[in-house]
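Subject: Structure handover

Hello,

Here is the structure I promised to pass on. Please open it first, then read my notes below.

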Amino acid sequence: RVSLVKYLTFWNYQTCRPPQKAILNDRSFWTGVLRTFYAGDDTVSADGNENSHIELIRCMPAQEHQEALKRIKYYISKQQSVAVLFRRGSQSINIELELLAQGMAYVSELGSSVFDRREVFSVISLLRLAAGKLNDLAIPERLKAWNAMLRFPNIGLKSFRVDELASLLSSKTSFYGDAIREFVEELPEISDWQKKQVVKRSSVIETIEAAELNSSDYVIKNYIELTDLYKKLEDLSLSKTNEEESVAGIDSMIMFLELKGFLPADAVAYIDKLKNGSDKKITSDTMVTLTTNHKSKGREWPAVLIPGCTDNNYPYLRDDELSVKSTIEEERRLFYVALTRAINGVHIFSRTAGVSDEEKPSPFIDEMNFRESGIIGGYLSEGKYIELNAWLAKNKTSRPTRRYLESLKVSKSEC
């Protein structure tokens, strides 16, 4: 079995050794990266090895997890394991939920379950409140839910006061807004600003409590607007990275709710069903792995899926004091790591240029030069060397491409 890394790097310096960092930092590097691949079709491989495959899927965010699931099912049907590699943890939410909905076991190396993410748990707790289902929980679970909601964003009180209020509300079954206002009236040494913030939140809680007949996504969007949630997350987060992850997680949950079109009660019932399914036993035969680009280093799988190849994930350039800063060169190398974890197939999910102002294709996609790779790979895979030479005579190619084509003339004994 020969890893794709050999094919991806074969062109470099007319040998089979991996490319040097200087090449990885070069924008033109990506022009040569896919030389052995014919995008969207079978590709040229070494003798005796199954043809390798690379695919670029351009789709809208709401379609990405569904397209990923199709390919996961395909490889499982072939008894081949699959890894889904994420640049950021929040990218996994919709794919995890879709896997759970299909009853498919998976190994997650992302640190926590999708349901344990703070923002996901808070959204689910708000839906329970809207559906009138908080009282279905045991008191310890109700306490946990109220603690999450009162800190989403922080209601404006000191932490121990928030704990006291959460304890009070978890003992109630209704009229939560009244209970919050009564609580704040009895607090000593509270500023007028704090009191105003708490009273405002009590009104928001009452609004959510009465939202049983609204769609689930509307309930959460309305809550975000009424609490100015995104702005407060920006102000209160310890780092820009934490804030971006929280917002991305909330947006993923909203997308999930929009696609389902549930009322709050239906959403809660569906999520609880998925949560119960998440306890499905993981065995050594489990064929789906969810992990990060960093954790994938030094490993390989028959198939690799790389979702979210957009300009806000690749490169992911953090700009705050508390996060480890990365450079465009480091991000390009990390993307290369993800690409080269596959043995038989790699599938890259991106966007169509010009379709959305919010998410644009990663600049690395353009640097990979799929069109030229497809043309050259197509001629090579079909053995049309005369036609290839004619095409090369009429078209200007990059230096990495020329190096790659020269490397094909090297005998195996020289590799």
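Start with helix α4 (residues 61–77). Helix α4 lies across β1, β2 (82–86), β4 (288–292), β5 and β6, and runs at about 165° to β6. Angles here run from 0 to 180 degrees between N-to-C directions, with axes fitted to C-alpha atoms, for helices over the stretch in contact. Helices (H or I, at least four residues) and strands (E, at least two) are DSSP runs, numbered from the N terminus.

A word on the source. This is a predicted model, in which local features need pLDDT of at least 70 and side-chain atom pairs count only at pLDDT 80 or more, while totals for chains, interfaces and linings use all residues. Residues are numbered from 1 along each chain as its sequence is written, and side-chain values use heavy atoms, with hydrogens and water left out.

**Overall**

The protein chain holds 19 helices and 6 strands. It has 415 residues, and 52% of them count as buried. Buried means under 20% relative accessible area, exposed over 50%, and partly exposed in between (1.4 Å probe, protein chains only). Take the contacts in the protein chain between residues at least 6 apart in sequence: 72% of them join residues at least 24 apart. Contact means heavy atoms within 4.5 Å.

**The sheet**

The 6 strands of the open sheet follow the order β1-β6-β5-β2-β4-β3, with parallel pairing. At the edges are β1 and β3 (107–108), each pairing on one side only. Two strands pair if DSSP finds at least two bridges between them. In general, strands of a sheet pair through backbone hydrogen bonds, either parallel or antiparallel.

Now look at strand β6 (residues 342–350). 9 of its 9 residues are buried, so β6 is largely enclosed by the rest of the structure. Strand β1 (residues 53–58) runs parallel to β6, and 6 bridges join the two. Across that pairing, Ile 57 stands opposite Phe 349 of β6. Strand β5 (residues 301–306) also pairs with β6 in the parallel sense, over 5 bridges. Trp 301 has Ala 342 of β6 as its bridge partner. Ile 306 stands opposite Ile 348 in β6.

**A loop residue to check: His 294**

His 294 sits in the loop between β4 and β5. Its relative accessibility is 44%, so His 294 counts as partly exposed. Which residues does His 294 contact, leaving aside its neighbours within four places in sequence? They are Arg 87 and Leu 334. Val 337 is 43 residues from His 294 along the chain, yet their C-alpha atoms are separated by 8.2 Å.

**Two crossing helices**

Helix α6 (residues 118–131) and helix α14 (residues 264–277) have axes that come within 8 Å and cross at roughly 135°. That makes the pair α6 and α14 oblique. The cut-offs are these: angles under 35 degrees count as roughly parallel, over 145 as roughly antiparallel, 65 to 115 as roughly perpendicular, and the rest as oblique.

From α6, the residues in the contact are Ile 124, Leu 127, Arg 128, Ala 130 and Ala 131. From α14, they are Pro 264, Ala 265, Ala 267, Val 268, Ile 271 and Asp 272. The residues of this contact of α6 with α14 divide into 9 nonpolar, no polar and 2 charged. Ala, Val, Leu, Ile, Met, Phe, Trp, Tyr, Cys and Pro count as nonpolar; Asp, Glu, Lys and Arg count as charged; the others, Gly among them, count as polar.

**Backbone details**

One joins Phe 152 and Pro 153, with omega about -5°. Pro 153 is in the loop between α7 (139–150) and α8 (159–170). The peptide bond from Tyr 314 to Pro 315 is also cis, with omega near 5°. Pro 315 is in the loop between β5 and α15 (328–339).

Then check phi at two loop residues. Glu 189 has a positive phi of about 50°, although it is not a glycine. Glu 189 lies between α9 (176–185) and α10 (192–209), in the loop. At 83% relative accessibility, Glu 189 counts as exposed. Asp 228, also a residue other than glycine, has a positive phi near 55°. Asp 228 lies in the loop between α11 (216–227) and α12 (229–236). Asp 228 is partly exposed, with a relative accessible area of 40%.

Best wishes
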